[in-house]
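Below are some notes for a colleague who wants to look at backbone, ring and cavity details side by side. Please keep the model open while reading the numbered points.

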Amino acid sequence: MKNKIPIYQVDSFTSQPFFGNPAAICLLNMEADSAWMQAVAGEMNLSETAFIRPEGSSYDLRWFTPIMEVDLCGHATLAAAHVLWEQGLLSRKVPANFNTRSGLLCANYTTAGIELEFPATPASPATPPADLLPALGLNQAEVFSSKFDYLVTIGSTDDLHTLKPDFDRLRKIDARGIIVTAPSSTSDYDFVSRFFAPRVGINEDPVTGSAHCALGPFWAGRLGKVRMLAYQASPRGGVINVRLDGNDTVILGGHAVTVLSGELHY
């Protein structure tokens, strides 16, 4: 008889279904083969599918795009914690601790939403690869590089909305993804961004928590703030609370909502 594995689809960084960034969350009770997990992620065809497995007082957590495993993912971590608390597998009074390829990550439940404690990945000025700005349709822009991504700043929210990247050219850039960001044109948010990652199988990610590990320190330096509200301006859109906790940690806050639950036959 096949195993039946609980699986959930959760929209992260939103309180409304069908907004934010969807992630599939598989609850494992034993180790699983990496090739099988990659095949499941391809079947789910979401920006990330996460697999969580109890490991003592914490959980093993791995993230897969449709084509590869990745080192850090914010929205699927938020979704994983949401599922543990929603399904009663963990008390909301207890942090969700995850052992990952980026070390120990912690999620806390608060009345204002879920907070993730993530490592800061500050960006430094960089010389852009030859194809980067042309692939974004830009003649010039400030370019920075973080641990995972290039970060490109442009002048306005309107410019951000009208970007039409050449994904074939961006796919050749040697980085996980490309963050494009601008100051917010309204008082509702401090800054806005979009995230393109065709190299890892995601042309445009709806809401990218891990990108804000670079965006948080970047905009804190420019705005003189340690608490900021960010909007990722993808077609689905999402809202991220960003708070700096010293030089090494970024607190990412947001909501999540389950839109689908079922069983995966293994």
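1. Phe-13 sits in the loop that runs between strand E1 (4–12) and strand E2 (21–27), where helices (H or I, at least four residues) and strands (E, at least two) are DSSP runs, numbered from the N terminus. Although Phe-13 is not a glycine, its phi is positive, at about 60°. Phe-13 has a relative accessible area of 2% and is therefore buried; buried means under 20% relative accessible area, exposed over 50%, and partly exposed in between, with a 1.4 Å probe and protein chains only.

2. The model is predicted, so that local features need pLDDT of at least 70 and side-chain atom pairs count only at pLDDT 80 or more, while totals for chains, interfaces and linings use all residues. Residues are numbered from 1 along each chain as its sequence is written, and side-chain values use heavy atoms, with hydrogens and water left out.

3. Phe-18 also lies in the loop between E1 and E2, and has a positive phi of about 75° without being a glycine. Is Phe-18 buried or exposed? With a relative accessible area of 61%, Phe-18 is exposed.

4. Ser-234 is found in the loop between strand E15 (227–232) and strand E16 (238–245), and is buried at 7% relative accessibility. Its side chain reaches the backbone oxygen of Pro-206 at 2.7 Å. Leaving aside residues up to four places away in sequence, Ser-234 touches Glu-204, Asp-205 and Pro-206, contact meaning heavy atoms within 4.5 Å.

5. Ten aromatic pairs are found in a search of the whole structure; rings of Phe, Tyr and Trp (its six-membered ring) pair if their centres lie within 6.5 Å, with planes under 30 degrees apart counted as stacked, over 60 as edge-to-face and the rest as tilted. The ring centres of Phe-218 and Trp-219 are 5.3 Å apart and their planes stand at 90°, so this pair is edge-to-face, and both residues are buried. Trp-36, Phe-51, Phe-64 and Tyr-266 are linked by ring pairs into a cluster.

6. The structure holds one cavity of 30 Å³ or more, a cavity being a set of points, on a 1 Å grid over the protein atoms alone, where a 1.4 Å probe fits but cannot get out, and lining residues having an atom within 4 Å of a point. Among the 16 residues that line the largest cavity, Glu-48, Arg-176, Phe-195, Asp-205 and Thr-208 are the closest to its centre. Helix H2 (74–86), strand E13 (191–197) and strand E14 (202–205) are the elements that give two or more residues to this lining.

Conventions: Polar contact = N/O pair within 3.5 Å; in protein donor to acceptor, adjacent residues only side chain to side chain. 1 Å grid on protein atoms, 1.4 Å probe; cavity = no way out; pocket = protein on both sides within 12 Å on 5 of 7 lines; lining within 4 Å. Points joined across faces, edges and corners; volume = space filled by probe spheres on them.
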